[in-house]
Protein chains: 2
Amino acid sequence: MEQTMEQTVALGVDIGGTNTSFGLVTRDGVCLVEKQIPTQADRPAEELFRRLSEEATSLLHASPELRLMGIGVGAPNANYYRGTIENPPNLSWQFVDVRKELHRTFDVPLAVTNDANAAALGEMLFGAAKGMKNFLEVTLGTGLGSGFVANGALIYGANGFAGELGHMLIVPNGRLCGCGRRGCLETYVSATGLCRTMRKMLEQQSTPSELRSFSTETVTAKRIAAAAAHGDALALHAFDVMCHTFAVGLANAVAFSEPEAIILFGGLTNAGALLFEPTKRYLEENLFSIYRNTVRLLPTGLPEGSAAILGSAALIWNEIA
Amino acid sequence: MEQTMEQTVALGVDIGGTNTSFGLVTRDGVCLVEKQIPTQADRPAEELFRRLSEEATSLLHASPELRLMGIGVGAPNANYYRGTIENPPNLSWQFVDVRKELHRTFDVPLAVTNDANAAALGEMLFGAAKGMKNFLEVTLGTGLGSGFVANGALIYGANGFAGELGHMLIVPNGRLCGCGRRGCLETYVSATGLCRTMRKMLEQQSTPSELRSFSTETVTAKRIAAAAAHGDALALHAFDVMCHTFAVGLANAVAFSEPEAIILFGGLTNAGALLFEPTKRYLEENLFSIYRNTVRLLPTGLPEGSAAILGSAALIWNEIA
C-alpha cells in the first residue's frame, strides 16, 4: 500500500470589499491551491464565513495529504488582539468575531490582522524582507496602509491599531481626509491622493496634457501613470509632488523606527520607476544625516496574484515557526 | 561568625557634557550609593573611564556585601549594538569603545545606549511605565529625545539609531535645526525651541511681558515658565504654541506606534500643567479618531536626582530579569 507524505498548510484568507480570496499555503510560501468567492458585503458576515468554511473544507477534502495548521485572515479594520473586524469601511458589518465564526468549523489556531500588517508578515517570511528584523511595509492602494516590524516582530501597539502611517498629519491645514482631519499623508500619497493632485493641476494650470481628454471622474491613477510614462509633463509633475510628500512622511517614519528597508506594495507600485526614483531621491534629501544611504526602498517580493493570501497565511507560519 | 546577606547591584552610569554620575542600583530600583565626577570632555575619553573605574571599584570595596551584576551606560550618541559612543555633541571624543574601556577593570556584562533610551527603560522597570509593554518616553531638555518601547522591548532599529522623534520634520521649511535640515520637531519643542519662540514673540509683538526686563540671551526656559506661571500673556502664548506643535508630533508618533502612554521626562517637565494641559488638549484634537482617549500623557515616575542613573542601571536589570 502506498503511503502519501503528509504536508502541512495554512489557510490564508483575504477579505476585500468585493471578493474574498483564500488559499492553502505551505511553510515555504507556496500557494498550492486558491479560490475566490464574492464577499457580498451587504449580507451578514456570518454568511460569508459559512460559505468560506464550506469552500475551504472541500479544498481540504480534495487533498487528504494536506494537514491544516491554522487560519490567517487579513481584512480591513481587523484587530489582532481581539480576533475581530470592527467597523470596516466598504463593508456593512459593524463587529465580527472572526475567531468565533471560523471556530464553528475549524479546530485550529486562528489569527486576524489588517491587510497591511498581513502584507508585512508575508514579506518577512516569503518576500523582499526575508531575514530582516526591522523594516516598514507600505501598501499604496486606494489609501495608504502600513505594517511595521521591529526586533523581528510586527508592532501591533497597545490595542492592535499601530501602523497607521497614512494618518500621519503631513500638511498643516491640508486636504480633508476621510477620517475628518486635514493633511493626512494618504490624502496626498495613494491612488486617490494622486488623482486629487492631478485634477487640481488640470483645473489650475494650462499646461497641455493627454489627460485633458478624460472627464474629471475618469482620471484614474492608472491613466496618470500611463500619461507620465509617455512623458506627459503634468502627469510627471503630479507624481513628483506625490513622491515628495511621501518621502517626507517616510523620513519621519525612519526617524522613529530606523528600518533597514521600506518595502512598497499595492496597485500604485505598478508605476515602477515613476514612483520609486523620485521617492528615493527625496527620501535621501529629507533624511536626518545619520540615516542617509542606510535605508533601502524596495518593491514587494510577493507574487502579485497571491500576495494577500500569502500574507494572511504568514500570520500562522510566523507564530508556528 | 556573622554572615552578611549578599545583595546584587548594577552600576548605572550617566555621562553628561559636564558631569558623569554613577551609582549602585538594586533590582528594585533603589540607588544605594551614588557619586559624581567631572566628565572633562576636552580630555581623552580613556581618562574618564579610568577615573570612573577607580571610583566605582572603591564604592564596591566599601560594601563587600554587594555583588556587581553588570554596568549600564547612558551617553549622548551611544550605540547599543556596538557598545560605543560616536561623535557625541558637546564632547571632544570621536569614537569611544565603551565596552572595551570598562572591560579593562570589570568582568561583567556591559550595555550602552543614549540617555533617552535609558530613561525609557528606567521608566519601564522602576517608574511611570511599570508593567507597560507599549509606550513612548520623550525627554524634553536642551533638545528632544525619545525612547520607544513596543511588545515590551526597546526599539533600537536596524543600527541602533531609532527613536529620534526630535528630528521628525514637522513644519515645512521651518526653523533651521542643528542637523542642517529645516522644521525638525526639536527646533520648536525643547528648552531651546521654547526660547526661540519666546524671543521671536518679544521682537515681533508689542504685548507687555515681564520677560522684556531680560536681555535676549538671558530669556531661559525656566524664566519663561516662571512668567507663564505668573499669568504673563506672552509667555503663556509661547507655551501654547510649543504644546500645539508637540501635540501634532505626538499624534503622528501615536499613529505609527499606538502606545498606551506617553511619558515626559527632563527639565521642561518642571513646567507642570503649563506643559501637560495644553499638550494633552491639542493631542486629543489631533489624534486619529481610533486613538482618542486611549493614550495617557504622564510625567516621569523616576526620582529627579537619580533618574539617569536608574535608567542606565535598568539596561542591565532589563536583560537579566
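Q: In which strand of chain B is the place of B:Pro38?
A: B:Pro38 belongs to strand S3 of chain B, residues 31–38; strands (E, at least two residues) and helices (H or I, at least four) are DSSP runs, numbered from the N terminus. This is a predicted model, in which local features need pLDDT of at least 70, side-chain atom pairs count only at pLDDT 80 or more, and totals for chains, interfaces and linings use all residues. Residues are numbered from 1 along each chain as its sequence is written, chains are lettered from A and ligands numbered from 1 in the order in which they are written, and side-chain values use heavy atoms, with hydrogens and water left out.

Q: Why does B:Pro38 count as partly exposed?
A: Buried means under 20% relative accessible area, exposed over 50%, and partly exposed in between (1.4 Å probe, protein chains only). B:Pro38 has 42% relative accessibility, and therefore counts as partly exposed.

Q: What does B:Pro38 touch, not counting residues up to four places away in sequence?
A: B:Pro38 touches B:Thr18, B:Asn19, B:Leu48 and B:Arg51, where contact means heavy atoms within 4.5 Å.

Q: Why is A:Thr20 called buried?
A: The relative accessible area of A:Thr20 is 0%, so this residue is buried. A:Thr20 is placed in strand S2 of chain A, residues 19–26. Leaving out residues up to four places away in sequence, A:Thr20 touches residues including A:Val13, A:Ile15, A:Ile37 and A:Leu48.

Q: What makes the pairing of the side chains of A:Thr20 and A:Thr39 a polar contact?
A: A polar contact is a pair of N or O atoms within 3.5 Å; within protein, one must be able to donate a hydrogen and the other to accept it, and residues adjacent in sequence count only if both atoms are side-chain atoms. The side chains of A:Thr20 and A:Thr39 are joined at 2.8 Å. A polar contact of 2.8 Å also links the side chains of A:Glu86 and A:Arg82.

Q: Is A:Glu86 buried or exposed?
A: With a relative accessible area of 16%, A:Glu86 is buried. A:Glu86 is found in strand S6 of chain A, residues 84–86.

Q: What makes A:Arg281 and A:Glu277 a salt bridge?
A: A salt bridge is a side-chain nitrogen of Lys or Arg within 4 Å of a carboxyl oxygen of Asp or Glu. The closest N and O atoms of A:Arg281 and A:Glu277 are 3.1 Å apart, and the pair forms a salt bridge. Both residues lie in helix H7 of chain A (residues 273–286), four residues apart, about one turn of the helix.

Q: Which residue forms a salt bridge with A:Glu284?
A: A:Lys280 does, the closest N and O atoms being 3.0 Å apart. A:Glu284 and A:Lys280 are separated by about one helical turn because they are four residues apart in helix H7 of chain A. A:Glu284 counts as buried at 14% relative accessibility, whereas A:Lys280 is partly exposed at 29%.

Q: What distance is found in the salt bridge of B:Glu6 and B:Arg67?
A: The side chains of B:Glu6 and B:Arg67 meet at 3.3 Å, N to O. This pair links distant parts of the chain, 61 residues apart: B:Glu6 is in the segment before strand S1 (7–15) of chain B, and B:Arg67 is in strand S4 (residues 66–74) of chain B.

Q: How many residues of chain B are in contact with chain A?
A: 41 residues of chain B contact 40 residues of chain A. Across this interface the rule finds zero salt bridges, but 22 residue pairs in polar contact, both residues at pLDDT 80 or more. H6(B) gives the most to the side of chain B that touches chain A, with six residues.

Q: How do you know that the copies meet through the same surface?
A: Of the interface residues of chain B, 98% are also interface residues in chain A, so the surface is the same.

Q: Why are the two copies said to be related as by a two-fold rotation axis?
A: Chain B is superposed on chain A by a rotation of 180° with 0.0 Å of shift along its axis (RMSD 0.0 Å), by least squares on the C-alpha atoms of residues with pLDDT of at least 70 in both. The two copies are therefore related as by a two-fold rotation axis.
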